[in-house]
Amino acid sequence: MEQDKVKITEVAEIAGVSIATVSRVLNRKGGVSQKTRQQVERVMAELGYDRGSTQGIVGVITPGLTIPIFGVMAEKIGLALAPHGLRAVICPAIPGGVQERDFLRSLIDLGATAVVFCSASNTLDTFDPEVLHLLKTRGMPYVCLNGAFDGATAFSSDDAYAAELSVRHLHQLGHRRIGMAAGPVGNRPADRRVEGFRAVMDKLGIPRAEDLVVRQTYSVEGGQFAAERLLAQGVTAIMACSDQMALGAIRAIRRRGLDVPGDVSVIGYDDGPLMEFTDPPLTTVRQPVDRLATEVARHLTSKLSGRQVPTGELLFQPEVVVRGTTGPHPRPAAVR
């Protein structure tokens, strides 16, 4: 068999072990018996497997990097993995789509050590079942960020609490007619933020909060669309589910001849790069990206070393970064 055609899946199949076990042998990790290690080494030698080509590679599957926060997350994960001898390979793919599945197949066939799902299909209620099938049948170690597959380990920002922080910030400024530019239905972070929005509005005694939620795409255009619908309902503040949606909301407000924050306040979500340099600087909810990346790296290195790791989803607390797009409730005559 030619060396350039030998894949880790073939080594695992012939040796009668999982891909994860082969990866541990390749990376000289613990959790593998001497007998199994010798068996894997023997099969690799017989097949002429190239040990050095993909040793220590971790695929980071993430949405397109045109959205700044995903580029930041991927970079932070790579930096957190590097001290452990692991190298991140960024795979920008449409969540839940064929491209994501193809990336995963390629990572498995190339012998990648593990996979991180970074706001990818792990955020969707409906995703390609082939993704989980590949992970389970090939024994590929993986971890999720900002949303979990059932039974998987995940590290996520607390989206419901983020919505509460946003609404309470606006409420303290005197706003009562608060609208929400939310992400699409079936996106778990968006659904959780909507739940958090409704819950805190109910606690604050603000009725019919569900009428002030508009679901759209995570984009400038989606935010503009949502804001136009919300402004028609007389809102004085808009909570957006992403910084891009917040920028779209600001555009819609200004096209009505209104001022931000003099007439309508806007708060975003993510605190991606350059948000402090918008005009005015964007008030937003900051995700704890550094802590999330650190936990992803810690979990993977423990798992690859054969140590027992917990399952389930851990939630990390975000924070509001107050800048220039939120201000006191306007005079009644201001909103038109």
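Guide: Of the contacts in the chain with a separation of 6 or more, 75% join residues 24 or more positions apart; a contact means heavy atoms within 4.5 Å. This is a predicted model, in which local features need pLDDT of at least 70 and side-chain atom pairs count only at pLDDT 80 or more, while totals for chains, interfaces and linings use all residues. Residues are numbered from 1 along each chain as its sequence is written, and side-chain values use heavy atoms, with hydrogens and water left out.

The chain has 336 residues, and 54% of them are buried, that is, under 20% relative accessible area, with exposed meaning over 50% and partly exposed in between (1.4 Å probe, protein chains only). A nonpolar core is a set of buried Ala, Val, Leu, Ile, Met, Phe, Trp, Tyr and Cys residues joined through side-chain atoms within 4.5 Å. The largest one holds 42 residues, and those touching the most other members are Met180, Phe197, Met201, Ile238 and Ile253. Two or more residues each come from helix 7 (159–172), strand 6 (178–182), helix 8 (188–203), strand 7 (213–215), helix 9 (220–231), strand 8 (237–240), helix 10 (243–255) and strand 9 (265–270). Helices (H or I, at least four residues) and strands (E, at least two) are DSSP runs, numbered from the N terminus. Helix 10 contributes the most, with six residues.

Leaving out residues up to four places away in sequence, Met201 touches Val167, Arg176, Ile178, Ile206, Ala209 and Leu212.

Next, the cysteines. A disulfide is a pair of cysteine sulfur atoms within 2.5 Å, and the count by this rule is zero. Cys91 has its closest cysteine sulfur in Cys118, 11 Å away, so the gap is too far for a bond. For Cys241 the closest cysteine sulfur is also in Cys118, at 17 Å, again too far for a bond. Cys91 counts as buried because its relative accessibility is 3%, and Cys241 because its value is 1%.

A pocket is an open set of points on a 1 Å grid over the protein atoms alone, where a 1.4 Å probe fits, with protein on both sides within 12 Å along at least five of seven lines; lining residues have an atom within 4 Å of a point. Of the 25 lining residues, Pro63, Phe70, Ser119, Asn187 and Tyr218 are closest to the centre.
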